[in-house]
Amino acid sequence: MSSEEFEKLHEIYSSLYDELKLMPDRAVTCHGEERKRLVRSFDERHGEAEEVLQGMEDELRVAPSSHRNAMSTKLRLYRRDLGKLQRDMKNSSSDFGSSFQPGLGSHQGIYSSQNQQSTQQQSQRALLLQGSDSLNNATQSIERSQRIAIETEQIGTDIIEELGEQREQLDRTRDRLVNTGENLSRSRKILRAMARRLVTNKLLLGIIILMELAILGAVIYLKFFR
């Protein structure tokens, strides 16, 4: 268990229970004052055991939820065993002879009243424990839902940010493509201009060559044929 105090109370209860479980059998063989002392002793020990169980229930309320089910099961078993001992003691007292009936009648009334009160208390405690468990389960479920909602919101935020970054990248890529297209257009214009200049230069060069040939032919004609 998670609570050291719960373990200490468990040891105290075990000691009281070991003492109590011997008393119903002893009550059958006892008579007179000895029986009355035994009944009073049983009542005292039974009350102490109830107080110990109450302390264990207090520890149960603050125990971690992972240990609470096991502790609750132990408590129910302890109360059942304690109630059985009380009924056994009552039956042992009821089996005694008629000469002790007056004294026993009062003890039977006490046992009956205590048994009813113990049953009511057990029912109320069981309902409280069930309500506490249900509330804790609902709280844990709400906390899990909140964590899932927060995680989902964070994932959505991350996706939106990632999409925004991708949009910016696409915008930058589009801008680069536009710039590249413009550069290609300028390059084509420059190439066309260079081609025109090259053709012009070739024409001028051809004209110059023809003019030189004409001059050379004229010089040769004038020198050798006239």
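# Surface patch, salt bridges and aromatic pairs

The model is predicted. A count of salt bridges gives nine. A search of the whole structure for aromatic pairs gives two.

- Helix H5, residues 101-224, contains Tyr 221.
- The relative accessible area of Tyr 221 is 48%. Exposed would require over 50%, so Tyr 221 is classed as partly exposed.

- Side chains of opposite charge can pair when their charged atoms come close.
- Glu 19 and Arg 45 form a salt bridge, with 3.0 Å between the closest N and O atoms. This pair links distant parts of the chain: Glu 19 sits in helix H1 (residues 4-20) and Arg 45 in helix H3 (residues 32-62), 26 residues apart.
- Glu 19 has 32% relative accessibility and counts as partly exposed.
- Arg 45 also forms a salt bridge with Glu 48. Here the closest N and O atoms are 3.9 Å apart. The cut-off is 4 Å, so the pair qualifies.
- Why are Glu 48 and Arg 45 separated by about one helical turn? They are three residues apart in helix H3.
- Glu 48 is partly exposed, at 33% relative accessibility.

- Arg 79 pairs with Glu 57 in a salt bridge, and the closest N and O atoms are 3.1 Å apart. Arg 79 belongs to helix H4 (residues 65-94) and Glu 57 to helix H3, so the bridge ties together parts that are 22 residues apart in sequence.
- Is Arg 79 buried or exposed? Its relative accessibility is 6%, so Arg 79 counts as buried.
- Glu 57 is buried too, because its relative accessible area is 3%.
- Elsewhere, shared partners in salt bridges join Glu 19, Arg 45 and Glu 48 into one network.

**Aromatic pairs**

- A pair of aromatic rings is described by the distance of the centres and the angle of the planes.
- The whole-structure search finds two such pairs. In one of them, the ring centres of Tyr 13 and Tyr 17 are 5.9 Å apart and the planes meet at 25 degrees. Planes under 30 degrees apart count as stacked, so Tyr 13 and Tyr 17 are a stacked pair.
- Tyr 13 and Tyr 17 are four residues apart in helix H1, so about one helical turn separates them.
- Tyr 13 is buried at 3% relative accessible area, whereas Tyr 17 is partly exposed at 22%.
- Which residues form one aromatic cluster? Tyr 13, Tyr 17 and Tyr 78 do.

**Ser 72 in helix H4**

- Ser 72 is placed in helix H4.
- Ser 72 counts as buried because its relative accessibility is 4%.
- Which residues does Ser 72 contact, leaving aside neighbours within four places in sequence? Ser 72 is in contact with Leu 60 and Leu 129.

How values were computed:
Residues numbered from 1 in each chain as written. Predicted model: local features only at pLDDT ≥ 70, side-chain atom pairs only at ≥ 80, totals over all residues. Heavy atoms only, no water. Salt bridge = Lys/Arg side-chain N within 4 Å of Asp/Glu carboxyl O. Helix = DSSP H or I, 4+ residues; strand = E, 2+ residues; numbered from the N terminus. Buried < 20%, exposed > 50% of the residue type's maximum accessible area, 1.4 Å probe, protein only. Phe/Tyr/Trp six-rings, centres within 6.5 Å; stacked < 30°, edge-to-face > 60°. Contact = heavy atoms within 4.5 Å.
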